[in-house]
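Here's a quick briefing for anyone meeting this structure for the first time. Have a look at the chain, then read on.

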Amino acid sequence: MSHFNDPNLPRNTARRRFLGVAAAAGARFASVAAIVMAASSASAAGLHLGWRNGGGPGNSGGNGNSGGGGSSGTQCFLRGTSILTDCGEKYVEDLRIGDRVALPDGDTRAIKWVGRQVFKKSGAHWHDSVVPIRVARHALDEHTPHSDLYLSPGHALFLNGVLIRVKDLVNGTTIAPIAPHDDMTIEYYAVLLATHEVILAQGAAAETFHPSDSNRENFSNFAEYERLYAGEAREEMTSYATVLGEEGGWQHLKALLFLGASPLVPMFDPFEDACDKIDARAKELFLR
């Protein structure tokens with residue numbers, strides 16, 4: 001992926017810190033009654049835990065149009081990403097229906113469909129929602145990922161037992177958006193299984209495609225899906241894990257409460273902890 005330009009970005013931890021401080025402060029100082037009332041009000045407004053615009057857990061919608069916004073909510077791997085299968089690693093663009101991808105526990109699942117999206121620059125700048133985010137080699141720990149991993153902004157990694165979108169992990173150094181040259185295209189692939197799972201991409205645990213009512217239609221080969229599964233009932237797919245991130249302080253706090261944190265004592269925030277570990281790891285890498 002050396003043809004991508006490294007942006008000269010400032011570190012991006014301040015906005016993450018705000019969320020962690022706000023959630024912790026709310027947990028320490030808000031009463032149980034106030035939190036329950038807030039959660040009830042949000043639920044009544046349709047803001048269910050883990051759901052985003054676009055109709056499903058872990059999705060923030062999008063239209064997938066060339067050059068425009070729309071990919072940030074779809075879970076896509078950039079062309080050239082290695083996915084672990086029962087036959088070893090394969091590039092995501094070489095995966096086919098029926099291939100069996102490996103799960104972190106050693107089990108395998110058959111691929112139901114592979115969606116494809118292609119974006120071209122149509123304005124003065126690439127749209128933020130489609131620019132791939134690079135998770136640099138060994139950004140997560142001493143071994144993970146085993147080489148640079150490129151994901152769509154809305155694609156989530158499985159860290160600390162929760163799903164965290166890669167756009168919420170950006171620190172400007174080891175995890176950062178990398179825009180292609182103006183004359184290039186961005187080619188994304190989504191791996192759909194019968195259930196929402198976590199698979200190994202460049203050795204990192206990343207979610208599979210989580211379909212909603214309309215996001216299958218974002219793909220250029222959607223007609224293939226319609227032909228293969230025309231009579232299939234489109235039922236809601238259960239999320240592999242709770243989604244945490246920067247979508248909103250109260251939603252994040254509700255997710256933490258759902259995970260078992262007490263509203264009366266300082267809580268363990270899997271999102272903030274993951275960010276802290278990634279930042280510490282970045283310092284280790286840059287001090288070498």
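Leucine 163 is buried, with a relative accessible area of 0% (buried means under 20%, exposed over 50% and partly exposed in between, using a 1.4 Å probe and protein chains only). This is a predicted model, where local features need pLDDT of at least 70, side-chain atom pairs count only at pLDDT 80 or more, and totals for chains, interfaces and linings use all residues. Residues are numbered from 1 along each chain as its sequence is written, and side-chain values use heavy atoms, leaving out hydrogens and water.

**Around leucine 163**
- You'll find leucine 163 in strand 10, residues 162-165 (strands are DSSP runs of E, at least two residues, and helices are runs of H or I, at least four, numbered from the N terminus).
- Beyond its neighbours within four places in sequence, leucine 163 is in contact with residues including Phe158, His196 and Ala241 (contact means heavy atoms within 4.5 Å).
- Alanine 241 sits 78 residues away along the chain, yet the two C-alpha atoms are separated by 6.1 Å.

**Nonpolar cores**
- The largest nonpolar core has 35 residues, and Phe77, Leu157 and Ile175 have the most contacts inside it (such a core is a set of buried Ala, Val, Leu, Ile, Met, Phe, Trp, Tyr and Cys residues joined through side-chain atoms within 4.5 Å).
- Helix 5 gives the most to this core, with four residues.
- A second, separate core has 19 residues, among them Trp113 and Tyr188.

- Threonine 144 and proline 145 are joined by a cis peptide bond, with omega about -15 degrees.
- Asparagine 160 isn't a glycine, but has a positive phi of about 55 degrees; at 35% relative accessibility, asparagine 160 counts as partly exposed.
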